[in-house]
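Hi everyone, thanks for coming. Let me walk you through a structure that may be new to you.

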Amino acid sequence: MTARIKICGLRDAATARQAARLGADAIGLVFYGPSPRNVDIATAAAVCAALPPFVSSVGLFVNAEPAFVREVLASVPLDLLQFHGDEAPAYCRAFSRPYLKAVRVKPDVNLLEYAARYADARGLLVDAFVDGVPGGTGEAFDWRLLPPDLPLPLVLSGGLDPDNVRNAVNRVSPWAVDVSSGVESAKGVKDLERIAAFIDAVRAA
Ligand SMILES: O=C(O)c1ccccc1N[C@@H]1O[C@H](COP(=O)(O)O)[C@@H](O)[C@H]1O
């Protein structure tokens, strides 16, 4: 099975359209002020409007005020929410939208427990644990910490790039992969050649 591909941290309509043309299945919009990939609501709406059919838009939040998530949802047609902080299951469900729960993996993590707690999530997204930073760090983690029998679709992220993603897909067999830093030329600046190389590498796995 070919892994689906999400390119996260898009900040303009032209790059989002190019990513879709190159074969991305989903693009991510970061609504988290401290991130170099943060977008405002108007920009996010313009990015979504530029997407061709059958390419999903994912909104990423980190411990956001519910009112802010609702404000975004009122103007931006997001297909999926990605909760990348310490959001409780009740919080994630409160928006009545499909969601992914991100888990930052460290050696003592119990992903089966997470899968049970967030059983109504569309998937678990696994990222590297880096102290003090919620994500988007470009750091990978030890994929051997992932259980083989996770009952939810697994979205693999954390330090993926055009050079390691083929091996990652072959080793982990995730439902999808998600990348941000690994397809950038500088923090927050997407590089179309790296996006193309990343997508080619996933397809070649
Ligand atoms: O992209 C960000 O800036 C970001 C900020 C806060 C939380 C998550 C963020 N990105 C997500 O982190 C993972 C891994 O990213 P990377 O490829 O290692 O840079 C991915 O799911 C991004 O969507």
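Around the ligand there are 26 residues, and the closest include Cys 8, Ser 35 and Ser 181; a residue counts as near if its C-beta atom, placed from the backbone, lies within 6 Å. Strands S2 (26-31), S6 (123-128) and S8 (176-179) each give two or more residues to this shell; strands are DSSP runs of E, at least two residues, and helices are runs of H or I, at least four, numbered from the N terminus.

A word on the source: this is a predicted model, where local features need pLDDT of at least 70, side-chain atom pairs count only at pLDDT 80 or more, and totals for chains, interfaces and linings use all residues. Residues are numbered from 1 along each chain as its sequence is written. The predictor gives the complex an ipTM of 0.98 and a pTM of 0.97.

Now to helix H6, residues 165-172, where Val 165, Ala 168 and Val 169 are buried, with 20 or more other C-beta atoms within 10 Å of their own, whereas exposed means 12 or fewer. Why do we say they line one face of the helix? Seen down the axis of H6, the buried residues fall within an arc of 95 degrees, taken from the directions from the helix axis to the C-beta atoms. On the other side of H6, Asn 167 and Asn 170 are exposed.

What do the buried residues of H6 pack against? They pack against strand S7 (154-156), S8 and helix H7 (192-204), with contact meaning C-beta atoms within 7 Å. Val 202, for one, touches Val 165 and Val 169 as well as Val 177. After H6 comes Ser 173, with a positive phi near 50 degrees.

How values were computed. Contact = placed C-beta atoms within 7 Å. Lists of a residue's contacts leave out its neighbours within four places in sequence.
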